[in-house]
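Please open the structure in your viewer and keep the selection tool at hand. The tour below goes from one selection to the next.

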Amino acid sequence: MVACGMALSLPEVPPTAGLLDRYRHVRAVSEALCAPLSKEDMVVQSMPDVSPTKWHLAHVSWFFETLVLREHVAEYRPLDPAYEVLFNSYYNSIGEQFPRSRRGLLSRPGVDEVLEYRARVDAHMHRLLERGVDDALAKVVEVGLHHEMQHQELLLMDILHVLAQNPLAPAYLDEQLPRGQSPAALEFEGIAGGLVEIGHAGDGFCFDNEGPRHKVWLDDFALGRRLVTNGEYLEFIVDGGYERPLLWLSDGFAWVRQEHVAAPAYWRKQRGEWFEFGLHGLAPVDPALPVCHLSYYEADAFATWAGARLPTEAEWEHASAGANSRGTYMSSLRLHPRPADLEDRLQQLFGDVWEWTQSAYAPYPGFAPASGALGEYNGKFMANQLVLRGGACVTPPGHVRGSYRNFYYPHQRWMFSGLRLARGA
């Protein structure tokens, strides 16, 4: 196994930190995540969905430059006008974008130049925030901070995919994880339904797609008390799960055939034994850990095989109300899901792996996107994707909440995605 570089250490932020301190903290975490990487690691694009680490660092700086500094600091001048196109992700209302699938071709600017760009943006942001900003601008900065947290997770997802293509199996973190203790047999927890409310409530931060809060009718239902494990998923594989069309949605089985899928992403069979490649490198599959890197198609097929189904996002959110938010997040530096601890009636609702739901990513009743360019952040993606809930082991702490709606296309699985079973009461 080849280690990539330095050890990983993440800065902490005081619990009472103001906007400037939180800005400094989030920006410092992004750069700290690069410590284990070489410059060569930071410029690779291994598939169209993956962005080079360097691009992530530049894009989140572009966000603050474009939506804060250029709009609200009269004396600010961009470092390089070309960056407006190179590091614009999908904001058509702002201007042209360099194609996502070709970001790996951007050998210039180099890593050092991108870090200089970040430092320049930070210097101007520090001066702005030190002077103080009004509530409206503070909300834009807050969106920018949570946007960068999303990219911290994406950075780890993407670098895992990059490293997985290397036959040397290089580890992002050169530390082997201990084997887990196998959990008890999966049990279900009954949840009373009725007329319930879902959607963000309160004064804390949320993205526009988390509201408005609204009423939903739920029949009584039951959720698995924990996440599905590698061991349980291995039983599905051994039972010919990938070869049985009656378990699969039509699009899903076509995807299995076309892509020759036979196991979760990053699983490799060597000498008759299954191994999993993660940010800690290559190791034998641990049957006690939650299964990870599943597409929606795989999660749905497993649920069908198990005589169950996936929960709706309303069921998941209703069940999570008041639940313990303890879980494995990025701050643990484990960067891999943990086994269930069985201390609560419902475990692992937050952190560890994003949980697929059967709900289409669609607007809530009364939804209206944010005004201006920020209106492109979520609303325009509300088609052909499905919702995941709960966060993952690479999600920054404090970033997710019960109403948080993540979304991906059903075939995608490079994110840290798993499943929890549901069924009727």
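In which sense do strand E6 and E14 pair, and over how many bridges? Select residues 221–224, which are strand E6, and you will find that E6 pairs with E14 in the antiparallel sense over three bridges; strands (E, at least two residues) and helices (H or I, at least four) are DSSP runs numbered from the N terminus, and two strands pair if DSSP finds at least two bridges between them. This is a predicted model, in which local features need pLDDT of at least 70 and side-chain atom pairs count only at pLDDT 80 or more, while totals for chains, interfaces and linings use all residues. Residues are numbered from 1 along each chain as its sequence is written, and side-chain values use heavy atoms, with hydrogens and water left out.

Within this pair, Leu 223 has Ala 422 of E14 as its bridge partner.

Next, select Val 43, Pro 52, Lys 54, Trp 55, Phe 87, Arg 103 and Leu 106, which line the largest cavity, a cavity being a set of points on a 1 Å grid over the protein atoms alone where a 1.4 Å probe fits but cannot get out, with lining residues having an atom within 4 Å of a point. Finally, select helix H2 (53–72) and helix H5 (135–164), the elements that each give two or more residues to the lining of the second largest cavity; H5 gives the largest share, four residues.

Key. 1 Å grid on protein atoms, 1.4 Å probe; cavity = no way out; pocket = protein on both sides within 12 Å on 5 of 7 lines; lining within 4 Å.
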